[in-house]
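These are my notebook entries on a single structure.

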Amino acid sequence: MSLALFQIASRCQQCSGAYNLLRYTSQRQFHYTPAVLARREKKPPAPTKKQLALKERKRAKKAKKSIYDSEKMTLSDAINVLRAVEVASPNATYELVIKTEMGKGSTIPKGRFNLPRETKAQTKDRILVFAEGRQAEEAKKAGADIVGGLELVEGIINGRHQATLFLCSRSLIRGITPKLGRVLGPRGLMPSERRGTVTDDIGGFIRRLKGTSEWKGDKEGTIRQPIAKMHFPVPDVVRNVRYFLNVVKRATGNIRDPKAENSKETSQKPAQAITRVLLSSRQGPSIQIADA
């Protein structure tokens with residue numbers, strides 16, 4: 001073969017190799033090519049509500065349950081069981097636990113009550129009232145401990161005036177809010193219309209408070225309340241439990257107030273569901289009440 005023919009053949013082989021390499025690279029997709037990146041960025045479809053519910057049921061079945069979850073008793077039977085457990089402690093206390101459902105936007109349930117038979121001596125509230133004129137005189141007659149106007153604000157900030165309950169007339173609330181809001185607000189003592197502590201009927205409010213105690217749930221909506229002593233007769237314990245349950249049901253909207261229904265205010269908040277009612281003692285188990 002001549003030199004010219006050899007050069008032509010070698011050039012043809014080089015062109016054929018370059019063509020095959022170009023063809024191979026065009027068919028192969030590397031990890032950074034747009035098609036591969038598009039497949040990687042594609043997310044799986046979101047699960048439906050039915051799939052989520054099925055997943056939640058499976059998770060609930062696998063979760064460990066307390067031995068008392070499936071055991072429910074009537075209120076009378078639960079009282080008798082706890083009395084048997086605490087037979088050596090006649091001064092032990094029954095504790096009632098009410099668990100409510102805290103949905104989005106729900107407020108912590110709270111209120112005041114007066115048991116048919118008290119478990120302990122009540123502590124007297126120290127009442128401070130912002131009022132002037134006739135309302136101030138009515139507050140003093142009703143039993144308020146400290147009564148005055150805006151001059152009391154500095155004493156409260158300095159700690160000179162101490163109280164467990166603060167009331168205010170409607171005419172003075174705007175004057176005390178700028179200074180006392182940051183002092184009494186975090187302690188839950190700031191007068192407000194929602195709680196009823198901003199009112200023009202201060203004397204009537206104080207008279208209604210006498211002999212009552214305050215109850216309040218925690219951030220999870222659980223209410224814990226000592227409800228009776230072990231040496232109380234069973235009917236007295238039942239009466240205390242039923243009374244307090246009705247108070248909580250009214251506060252959470254499970255029992256509608258007839259006066260509120262007949263009034264013009266028809267836009268009531270939805271009921272805050274009560275999920276469980278438990279009765280317990282110091283040494284006894286927590287028994288779920290079936291007829292709560």
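**Strand β6.** I started with strand β6, residues 165-168, and found both of its faces covered. Leu-165 and Leu-167 are buried on one side, and Phe-166 and Cys-168 are buried on the other. I take buried as under 20% relative accessible area, exposed as over 50%, and partly exposed as in between, with a 1.4 Å probe and protein chains only as cover. In a regular strand the side chains alternate between the two faces of the sheet. Helices here are DSSP runs of H or I with at least four residues, strands are runs of E with at least two, and both are numbered from the N terminus.

**Source.** I note that the model is predicted, that local features need pLDDT of at least 70 and side-chain atom pairs pLDDT 80 or more, while totals for chains, interfaces and linings use all residues. Residues are numbered from 1 along each chain as its sequence is written, and side-chain values use heavy atoms, with hydrogens and water left out.

**Partner of β6.** I then looked up what β6 pairs with: strand β4, residues 127-130, runs parallel to β6 over four bridges. Two strands pair if DSSP finds at least two bridges between them. Opposite Cys-168 in β6 I find Phe-130.

**Open sheet.** I traced an open sheet of five strands in the order β1-β10-β9-β2-β8, and its pairing is mixed. Its edge strands are β1 (72-73) and β8 (222-229), each of which pairs on one side only. Inside the order, β9 (residues 274-280) and β10 (residues 287-289) run antiparallel and are joined by two bridges. Leu-278 has Gln-288 of β10 opposite.

**Salt bridges.** How many salt bridges does a search of the whole structure find? I get nine, counting a side-chain nitrogen of Lys or Arg within 4 Å of a carboxyl oxygen of Asp or Glu.

One of them joins the side chains of Glu-56 and Arg-59 at 2.6 Å, N to O. The two residues are three apart in helix α3, so about one helical turn separates them. Glu-56 is partly exposed at 45% relative accessibility, and Arg-59 is partly exposed at 46%.

Arg-170 meets Glu-193 in a salt bridge of 3.3 Å, N to O. This pair links distant parts of the chain, 23 residues apart: Arg-170 lies in the loop between β6 and α7 (173-184), and Glu-193 in the loop between α7 and α8 (202-209). Arg-170 is partly exposed at 44%, whereas Glu-193 is exposed at 56%.

Arg-170 also forms a salt bridge with Asp-200, at 3.8 Å, N to O. Asp-200 is partly exposed at 37% relative accessibility. I also noted one network in which salt bridges with shared partners join Arg-117, Asp-236 and Arg-239.

**Surface charge.** Where does positive charge gather in a patch on the surface? I find it at Arg-57, Lys-58, Lys-61 and Lys-62. Patch residues have over 30% relative accessible area and no salt bridge, and like charges are joined within 9 Å. Lys-62 lies in helix α3, residues 49-62, and is exposed at 75%.

Arg-250 belongs to helix α9, residues 234-251, and is exposed at 51% relative accessibility.

Note on methods:
Patches are made of residues with over 30% relative accessible area and no salt bridge: like charges are joined within 9 Å, nonpolar side chains (Val, Leu, Ile, Met, Phe, Trp, Tyr) within 5 Å. Accessible areas come from the Shrake-Rupley method with a 1.4 Å probe; for residues, only the protein chains shown count as cover. Lys and Arg count as positive and Asp and Glu as negative; His and the chain ends are not counted. The place of a charge is taken as NZ of Lys, CZ of Arg, CG of Asp or CD of Glu.
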